[in-house]
Amino acid sequence: MPLSDIQDRIAKEETRVGRDVGSTHLIAVSKVQPVERVVAVLEEGHRVFGENKVQEAAGKWPDLKAQFKGVELHLIGPLQSNKTRQAMGLFDVIHSVDRPKLARAIARISDEEGHCPKLFIQVNTGEEAQKAGIMPDDLDAFVVECRALSLPIVGLMCIPPVEEEPSLHFALLAKMARRNGLDQLSMGMSSDFERAIAQGATHVRVGSAIFGDRDYG
Ligand SMILES: *Cc1c(COP(=O)(O)O)cnc(C)c1O
């Protein structure tokens, strides 16, 4: 589906639910996509992209950033502590802060480098064993801890369980954000970004609907 169709669908949903058109940031998720498809979207003028692996992003984005000015890169996948410094140099926004050890590593590196990306805390709203994210019961204390470290936490992120109605998880995330005085919400993917906007998403992460299916072969 062309990028403009996704932008139209976002604008329609913003209008339908009474939000300002343009208030949702569209993160084009380019992981695993052939570079020609990514370049095509850059040539259409889009500049906000998401990747879920540090290594993969490090292999393609420095060149693309040199070619296209004004790229804003978001890390939307789990971050291992030993890749923190590299990730902080490469990404403008990290959506997957989910444990005290990682928060402390980011704080230390940000002191050393004098620079820190914007941060979202990932919440495991479905409390799934295999999924990253802080457990909902631990969130409020973790926000306090991150603030004590002076981390620039701007909002919350979630990936709902595949088998469940995502709107319930989006609403839960919105409630947790409000309770903690956070106003940005990273939620919604190709299959459910309109539902996420209806629940207050400020950032939707859309991959296959823009670029086509990912070929993992
Ligand atoms: C891959 C990915 C997306 C995009 O998924 P699509 O279904 O292709 O839109 C969004 N968020 C995260 C965290 C992802 O890993």
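How many bridges join strand β1 to β2, and do the strands run parallel or antiparallel? I found two bridges between β1 (residues 25–29) and β2, and the strands run parallel. Two strands pair if DSSP finds at least two bridges between them. I took helices (H or I, at least four residues) and strands (E, at least two) as DSSP runs, numbered from the N terminus.

I noted that this is a predicted model, where local features need pLDDT of at least 70, side-chain atom pairs count only at pLDDT 80 or more, and totals for chains, interfaces and linings use all residues. Residues are numbered from 1 along each chain as its sequence is written, and side-chain values use heavy atoms, with hydrogens and water left out.

Next entry: β2. β1, helix α2 (residues 35–43) and β2 form a right-handed β-α-β unit; right-handed means that, with the strands pointing away from the viewer, the path from the first strand over the helix to the second runs clockwise.

On to β3 (residues 72–75). Four bridges join β2 to β3, again parallel. E51 has L75 in β3 as bridge partner. From β2 the chain crosses through helix α3 (residues 54–67) to β3, and this β-α-β crossover is right-handed.

F49 has a relative accessible area of 0%.

Key
Buried means under 20% relative accessible area, exposed over 50%, partly exposed in between (1.4 Å probe, protein chains only).
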